[in-house]
Every structure is written in structure tokens, then in C-alpha cells.
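Look at the sequence and the model first.

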Amino acid sequence: METPRRSELREEAILRATLELLAEVGYDQMTMDAVAARAQSSKATIYRKWPGKAELVVTAVRRRAGNPAKSPPDTGNLREDLLAVLRLMRNNLVGQDAALILGLMIAMHRDQGLAGTVRAQLIDDKREVFGAVIAQAVGRGELSASVDDTMFVEISSAMLFSRLFVTGEPLDDAFIRHLVDAVLLPLLDHQSSAR
């Protein structure tokens with residue numbers, strides 16, 4: 001019987017091998033056989049924990065990024081809550097390998113199974129966190145209960161992603177404050193007052 005520590009080390013080896021192969025050959029060319037060989041593990045061990053390549057890749061990327069905050073900070077103020085959540089998102093993104101993330105995005109266009117898994121595992125986490133921030137603000141009377149956070153979540157994620165992976169412009173606290181003050185709060189205020 002494998003000890004918990006040994007099982008943990010085996011899982012880390014599998015996830016590390018997954019990330020290495022993704023960076024080397026891309027999602028399309030990566031195989032479970034190659035992951036098993038690189039991690040010095042068996043395919044059966046991998047399939048006991050992950051039903052397929054998409055789930056394995058999402059787990060590896062998520063582990064590397066760090067776990068998202070399931071419950072956002074409640075500072076008592078919408079602006080401060082947004083700043084705190086965006087800083088957490090930024091810190092998780094900054095730790096990512098740009099080539100790996102961009103390769104994953106390209107693979108999502110070709111593989112609907114991967115796209116669905118990534119959306120369910122990674123993107124929905126952001127919606128959940130931002131949804132909780134909005135709910136807190138509604139509860140404090142800062143926003144109308146009719147605010148739709150769908151576009152808000154897309155804009156927030158897209159702006160961070162674009163700065164980090166496309167334009168290369170600074171993703172510092174000054175930018176995050178500008179994003180909150182010039183884009184996100186006006187969008188929420190407009191939605192709240194328009195309903």
C-alpha cells in the first residue's frame with residue numbers, strides 16, 4: 001500500500017511531467033503514455049485519478065496557478081473587494097508560463113472536450129468569486145440586485161490576460177486601480193442605475 005507522502009510525490013511527478021510535455025509538444029501531441037513515461041508511473045495510476053487528458057491538464061495548470069479564492073474578501077466596500085480579487089487573479093496569472101497558457105487556449109479551439117473542462121474548472125471559478133463580490137455589494141446596498149455580472153467577469157479577465165500575455169504592458173497596482181475605477185465600477189453603476 002502506498003503511503004500518503006509517496007502518493008503525493010507520484011501525483012506531483014505526473015503533474016510536472018504534464019506541464020513539461022505541454023510546453024515541449026503542445027496539448028495535441030501530448031499523450032498519456034508520454035506523461036506516464038516521463039513521470040515514471042503507469043497509465044493505470046494516472047487514469048485512476050484523471051479520466052482523461054483534459055482533466056489532467058486542467059489539474060496541472062490549476063496546481064501551478066494556485067487555488068483560486070473560493071470566498072472573496074469582504075472589506076465592506078465594493079471597490080476594495082474588486083481590488084483585492086483582481087490582485088489575487090493577477091498574482092495567479094503572473095506565475096503562469098505564457099507559452100503554456102496560449103498553447104492551451106489554441107488547443108481549446110480544436111478540442112471541445114478540453115474547452116468544456118477548462119471552462120468548467122478555471123473560468124467558472126472566476127465567475128463564482130466575482131459573483132460573490134457582487135452579491136456582497138448588493139447585500140450592502142451598493143448595487144441593485146438586477147446587476148448581471150457576465151460581461152463584468154469577461155472584461156475583468158480579458159483585460160488582465162491581454163496585459164500579461166498580449167501587450168506586455170505593466171500589470172501593476174496602478175493598472176488594477178485604473179481598471180476598477182475607469183471601467184468596472186462605471187459598468188456596474190450603469191447597470192445598477194439602468195434597471
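## Salt bridges in a helical chain

Lys43 is partly exposed, at 35% relative accessible area (buried is under 20%, exposed over 50%, partly exposed in between, with a 1.4 Å probe and protein chains only). The model is predicted: local features need pLDDT of at least 70, side-chain atom pairs count only at pLDDT 80 or more, and totals for chains, interfaces and linings use all residues. Residues are numbered from 1 along each chain as its sequence is written, and side-chain values use heavy atoms, without hydrogens or water.

The chain has nine helices and zero strands (DSSP runs numbered from the N terminus: helices are H or I, at least four residues; strands are E, at least two). Buried residues make up 38% of its 195 residues.

The chain holds 16 salt bridges (a side-chain nitrogen of Lys or Arg within 4 Å of a carboxyl oxygen of Asp or Glu). Three of them are listed here.

| Asp33 | Lys43 | 3.1 Å |

Asp33 is partly exposed, at 49%. Asp33 sits in helix H2 (residues 32-39) and Lys43 in helix H3 (residues 43-49), ten residues apart.

Glu8 and Arg5 share helix H1 (residues 4-29), three residues apart, about one turn. Glu8 is partly exposed at 47%; Arg5 is exposed at 52%.

Is Arg163 buried or exposed? Arg163 is buried, at 18% relative accessibility.
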